[in-house]
Amino acid sequence: MNQLVHIQSVREAAPFVYRLDGAALDRLFRDARSHNGWLDRPVPRHLIEEAVDLAKLGPTAVNASPLRLILVETEAGRARLKPALSPGNVDKTMAAPLTAIVAHDPAFFDHLPRLFPHADVRGMFAGNPQLAEGTASYNATLQAGYFIMALRAVGLDAGPMGGFDKAKVDAEFFTDTSFRSSLLINIGYGDHTKLFPRSPRLAFDEIAQFA
């Protein structure tokens with residue numbers, strides 16, 4: 001069985017509870033890094049589709065599912081994206097096999113009758129643009145995190161970043177939509193020789209408290 005997707009049963013300690021094995025945790029968290037350099041190796045579309053299908057299963061408020069993606073993989077697409085990039089992000093993005101433009105849809109509520117059929121909550125968002133925008137933004141950010149973990153789970157590497165002109169990206173890629181960009185994620189097979197040392201992290205007690 002593929003070690004990356006192997007799930008270790010711990011039924012003896014807690015019936016019906018499962019824990020990922022160490023190799024999977026290494027792949028998703030402990031050994032995973034945000035990549036800046038990329039191997040010259042194409043990204044199979046079926047892996048991107050699999051990652052999206054995994055990420056969409058993560059929870060969002062009222063199943064809002066506001067994440068929208070443009071997957072830039074062609075030279076023409078890169079040429080459209082390049083003018084919006086901050087100087088420090090140009091080379092690594094142009095070298096990435098694929099770049100996901102992460103956006104959110106403030107009009108997500110139009111899909112709620114299908115996505116959240118057991119309660120009529122569309123009007124709550126449709127009549128309140130500020131609530132709709134806030135809900136779309138933070139839930140799409142959640143989904144972007146799920147997407148990064150899903151990419152790692154299917155064997156790909158990711159390099160999420162800001163550092164771009166959102167207005168330019170929206171004008172270039174989302175003119176005829178309500179979508180608004182928030183993040184870029186370079187995707188491919190990372191070149192580990194170009195990684196920086198991992199930066200420190202806060203200790204548990206600096207992050208969390210029990211109450």
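## Overall picture

In this predicted model, local features need pLDDT of at least 70 and side-chain atom pairs count only at pLDDT 80 or more, while totals for chains, interfaces and linings use all residues. Residues are numbered from 1 along each chain as its sequence is written, and side-chain values use heavy atoms, with hydrogens and water left out.

The protein has nine helices and six strands; helices (H or I, at least four residues) and strands (E, at least two) are DSSP runs, numbered from the N terminus. Along its principal axes, the C-alpha trace spans about 50 × 45 × 40 Å. Of the 211 residues, 38% count as buried. Here buried means under 20% relative accessible area, exposed means over 50%, and partly exposed lies in between, with a 1.4 Å probe and protein chains only. Among contacts (heavy atoms within 4.5 Å) between residues at least 6 apart in sequence, 77% join residues at least 24 apart.

## The four-stranded sheet

Let us start with the sheet. It is open, has four strands in the order E3-E4-E6-E5, and is paired in the antiparallel sense; two strands pair if DSSP finds at least two bridges between them. Strand E3 (67–72) and strand E5 (157–161) stand at the edges with a single partner strand each, so one side of each has no neighbour in the sheet. From one strand to the next, the twist averages 25°.

The pairings can be followed across the sheet. E3 and E4 are joined antiparallel by six bridges, and Leu 69 has Val 102 in E4 as its bridge partner. Val 102 in turn has Leu 183 in E6 as a bridge partner. E4 and E6 run antiparallel with seven bridges between them, and Thr 99 is partnered with Asn 186 in E6. Between E5 and strand E6 (residues 180–188) there are five bridges, again in the antiparallel sense. There, Asn 186 in E6 is the bridge partner of Gly 159, and Pro 160 stands opposite Ile 185 in E6.

## Strand E4

Seven of the seven residues of E4 are buried, so this strand is largely enclosed by the rest of the structure. In a regular strand the side chains alternate between the two faces of the sheet. In E4, Leu 98, Ala 100, Val 102 and His 104 point one way, Thr 99, Ile 101 and Ala 103 point the other way, and all are buried.

## Helices on the sheet

Helix H4 (residues 87–95) packs on the sheet, where it touches strand E4 (98–104), E5 and E6; its direction makes about 155° with that of E5. Axes are lines fitted to C-alpha atoms, for helices over the stretch in contact, and angles run from 0 to 180 degrees between N-to-C directions. Helix H7 (residues 129–153) lies across E3, E4, E5 and E6, and runs at about 0° to E6.

H7 has 25 residues and reaches 35 Å from its first C-alpha to its last, close to the 36 Å expected at 1.5 Å a residue; the expected span is 1.5 Å times one less than the number of residues. Its buried residues include Ala 132, Ala 136, Asn 139, Gln 143, Phe 147 and Leu 151. After H7 comes Gly 155, whose phi is positive, near 100°.

## How H2 meets H7

The axes of helix H2 (residues 45–55) and H7 come within 8 Å and cross at roughly 135°. H2 and H7 are therefore oblique to each other: angles under 35 degrees count as roughly parallel, over 145 as roughly antiparallel, 65 to 115 as roughly perpendicular, and the rest as oblique. Ile 48, Ala 51, Val 52, Leu 54 and Ala 55 in H2 meet Gln 143, Tyr 146, Phe 147, Ala 150 and Leu 151 in H7.

## Loop residues to look at

Asp 105 sits in the loop between E4 and helix H5 (112–115), and counts as buried at 4% relative accessibility. Leaving aside neighbours within four places in sequence, Asp 105 is in contact with Pro 66, Arg 68, Ala 136, Ser 178 and Phe 179.

The loop between H2 and E3 holds Val 62 and Asn 63. Val 62 is not a glycine, yet has a positive phi of about 45°. Asn 63, also a residue other than glycine, has a positive phi near 55°, and is partly exposed, with a relative accessible area of 30%.
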